[in-house]
Number of protein chains: 2
Amino acid sequence: MAAPIQYFELPNFTFEDGTTLPVAKLAYLDINPSGSKVALIPTCFRGKLHATLTFATGALRDYRIIVVALFGNGESSSPSNHEGATPFPKLLDYRDCVRAQHELLTKNLGVQTIDLMAGFSMAGQCTYYWAATHPDMVRNAVMICSSARTSKHNRQFLEGPRAALENSVDYAGGDGGAAAATMGKHEAPRGVHAFAKAYSAWLTSADWFEQELWRDLGYASYEEWDTDSTGPRYAGWYPNDLLAKLRMWQRGDVTVCDPSAAPSSSSDSTAVADTLSKIKARVLLMPSRTDQYFRWEASERELKYLQRGTLVVIPSVWGHLAGSGISPTDVAWMDQQIHKFIQEA
Amino acid sequence: MAAPIQYFELPNFTFEDGTTLPVAKLAYLDINPSGSKVALIPTCFRGKLHATLTFATGALRDYRIIVVALFGNGESSSPSNHEGATPFPKLLDYRDCVRAQHELLTKNLGVQTIDLMAGFSMAGQCTYYWAATHPDMVRNAVMICSSARTSKHNRQFLEGPRAALENSVDYAGGDGGAAAATMGKHEAPRGVHAFAKAYSAWLTSADWFEQELWRDLGYASYEEWDTDSTGPRYAGWYPNDLLAKLRMWQRGDVTVCDPSAAPSSSSDSTAVADTLSKIKARVLLMPSRTDQYFRWEASERELKYLQRGTLVVIPSVWGHLAGSGISPTDVAWMDQQIHKFIQEA
């Protein structure tokens with residue numbers, strides 16, 4: 001039976017952008033609460049709690065696994081579930097997520113040590129922020145198809161879906177979007193469809209298309225896959241939630257966690273080196289060989305700066321989605337790597 | 001002094017989609033008309049005649065070079081310059097371009113043999129169509145960052161800009177786009193901007209972003225490059241021209257030129273093998289090492305089927321744009337390869 005979604009309320013929670021909400025809310029799962037060790041796993045960009053890959057029946061079967069929803073995912077505090085007079089924060093920041101999750105663990109769940117934190121994609125970035133801000137609390141960290149800083153290439157790819165949605169006839173219609181942005185539950189099916197179209201070729205890989213692996217997902221044809229994955233598969237996702245998460249992702253940069261790091265600039269990897277070198281956790285970097293935006297080459301560069309880092313590249317043609325849990329072969333491979341990583345501790 | 005744009009009129013021209021226009025028009029340049037050999041170079045996706053890379057001062061300096069605009073580029077017959085009662089064709093096809101260009105060469109310019117045809121991107125696809133439909137007329141062909149059939153990955157990437165534009169507030173506004181599509185000169189700045197955003201991260205490469213090569217183009221910052229390349233750089237491009245060209249590209253498949261080829265289907269490369277094996281021209285395939293959608297791996301597969309093919313991979317981080325002429329180093333490298341290719345004939 002799936003663990004039920006629980007909610008933790010944080011009164012008068014102040015976000016990095018300066019907004020204080022009377023109550024911020026974290027949604028989470030507490031899987032195997034009697035487990036002797038603790039794992040923390042945040043949700044990814046388009047991730048809901050119950051769809052998150054947890055390794056709960058594999059490498060983490062003895063762990064108490066806390067799966068926690070990032071702000072903006074529609075389960076934790078998000079534009080779409082926001083109520084009250086105070087407007088929802090204009091910008092979300094991974095530091096907001098880390099601070100709220102820290103409260104959840106230490107004040108609500110009695111957890112003082114995270115034996116293992118794992119995160120895919122945006123959740124991997126959140127994991128980096130955790131390891132950088134709480135070096136003594138995070139013992140082991142697994143970053144799956146992720147990066148310490150969002151590359152300019154990644155940021156620019158995200159400009160596509162963002163612009164497609166923000167300029168769409170049903171999101172921006174009428175008032176140039178000013179009203180839409182303040183209406184959390186505002187729907188825009190054509191805008192979300194355009195968003196999905198602009199996103200879809202990035203998710204997997206050229207090889208994935210070449211090998212027609214939509215068949216592995218049960219689609220008889222390319223057209224059937226395209227129609228479903230840029231339509232019904234976005235059911236339940238509100239434009240302003242997608243945009244809030246996307247902006248947090250675009251601004252992802254772990255060096256903001258380290259006030260003493262060299263000034264952060266895109267042309268300067270010194271700041272990243274500074275920040276990563278202070279991380280005490282053992283780190284397993286697990287990029288995918290064919291990821292088009294969280295590239296393994298970036299993980300390889302990060303590895304140099306980590307005190308106790310290991311890099312293994314998922315040998316997959318599923319691109320970024322290799323880390324999502326959609327491909328059973330890749331899940332088994334990752335599970336084995338995490339198992340080994342834990343054994344070698 | 002730049003060669004002037006000339007126009008060739010084709011009365012009662014019937015397009016593959018069944019539309020007959022009273023007059024179709026080809027725009028072209030006739031560079032060095034007294035040259036002893038003839039080269040034909042079509043424009044690319046977002047290509048205008050005078051911006052087309054011709055190698056006229058290098059490898060092709062002794063050639064008469066005919067640069068010809070594809071239908072839909074705004075210079076040859078296009079939605080944006082269409083007039084009269086007959087609606088512009090719903091679909092363009094490379095075969096329309098080839099047939100019209102054949103008329104131009106044989107009936108207007110007195111050309112019976114194309115010593116060398118070269119094309120970048122969509123123009124490379126047009127070159128494939130030429131070589132397949134006129135095997136005795138095309139002697140040498142150079143395909144730069146292109147492919148014989150548009151891959152599903154490429155097609156899906158194009159769905160992003162297409163959907164961004166078609167669902168935009170100023171293209172689709174009011175009547176769901178039905179009217180916009182019939183108004184050739186209809187403008188939609190927000191839609192074109194969203195199109196440009198969804199296109200922009202594909203054009204170069206992750207390495208290009210990593211190395212901040214916008215500086216080579218004179219931009220001081222990423223933001224400055226982004227603003228210009230997704231705004232002012234699209235000046236003069238009408239939504240319906242972009243969409244007409246894009247649809248032709250998405251449907252690119254040289255096997256349609258070969259009625260006896262095995263039935264074409266995405267899962268079957270037999271048809272491509274059949275068609276390519278009948279091409280008599282010497283062929284130089286010149287993909288870019290970092291092209292994200294016209295990948296060198298696809299060119300490598302095509303090479304196997306060509307009777308007289310050669311493959312050289314542009315060692316560039318400019319991605320697809322390596323073949324566009326934007327990078328002087330890449331232009332010099334390609335010029336040298338074409339020179340060698342001609343010498344070895």
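Predicted model: local features only at pLDDT ≥ 70, side-chain atom pairs only at ≥ 80, totals over all residues.
Which residue is the bridge partner of A141(B) in β7(B)?

Residues are numbered from 1 along each chain as its sequence is written, chains are lettered from A and ligands numbered from 1 in the order in which they are written, and side-chain values use heavy atoms, leaving out hydrogens and water.

**Stop 1: the sheet of chain B**

You will find 8 strands in an open, mixed sheet, ordered β1-β2-β4-β3-β5-β6-β7-β8. Two strands pair here if DSSP finds at least two bridges between them. At the edges stand β1 (6-14) and β8 (309-311) of chain B; each has a single partner strand, so one side of each lacks a neighbour in the sheet. From one strand to the next, the twist averages 20°.

Now zoom to β6 (residues 140-144) and β7 (residues 282-286) of chain B, which run parallel and are joined by 5 bridges. Here is the answer: A141(B) has V283(B) as its bridge partner in β7(B).

β3(B) runs parallel to β4(B), with 6 bridges, and P42(B) is partnered by V68(B) in β4(B). β3(B) is also parallel to β5(B), joined by 2 bridges; look for A39(B) opposite L116(B) in β5(B).

**Stop 2: helices across the sheet**

Show helix α1 (residues 94-108) of chain B, which lies across β1, β2, β3, β4 and β5 of chain B and runs at about 120° to β1(B). Axes are lines fitted to C-alpha atoms, for helices over the stretch in contact (heavy atoms within 4.5 Å), and angles run from 0 to 180 degrees between N-to-C directions.

**Stop 3: a tryptophan in the core**

Select W130(B), one of the residues that touch the most other members of the largest nonpolar core, which has 142 residues. Such a core is a set of buried Ala, Val, Leu, Ile, Met, Phe, Trp, Tyr and Cys residues joined through side-chain atoms within 4.5 Å. Beyond four places in sequence, the contacts of W130(B) include L40(B), V98(B), I114(B) and M137(B).

**Stop 4: aromatic pairs**

Rings of Phe, Tyr and Trp (its six-membered ring) pair if their centres lie within 6.5 Å; planes under 30 degrees apart count as stacked, over 60 as edge-to-face and the rest as tilted. Over all chains there are 55 such pairs. In chain A, select F45(A) and F195(A), a stacked pair at 6.3 Å centre to centre with 25° between the planes. F45(A) lies in the loop between β3 and β4 of chain A and F195(A) in helix α5 of chain A, so the pair ties together parts 150 residues apart in sequence. Both F45(A) and F195(A) are buried.

Return to chain B for F157(B) and Y293(B): the ring centres are 4.5 Å apart and the planes at 45°, so this pair is tilted.

Conventions. Helix = DSSP H or I, 4+ residues; strand = E, 2+ residues; numbered from the N terminus. Buried < 20%, exposed > 50% of the residue type's maximum accessible area, 1.4 Å probe, protein only.
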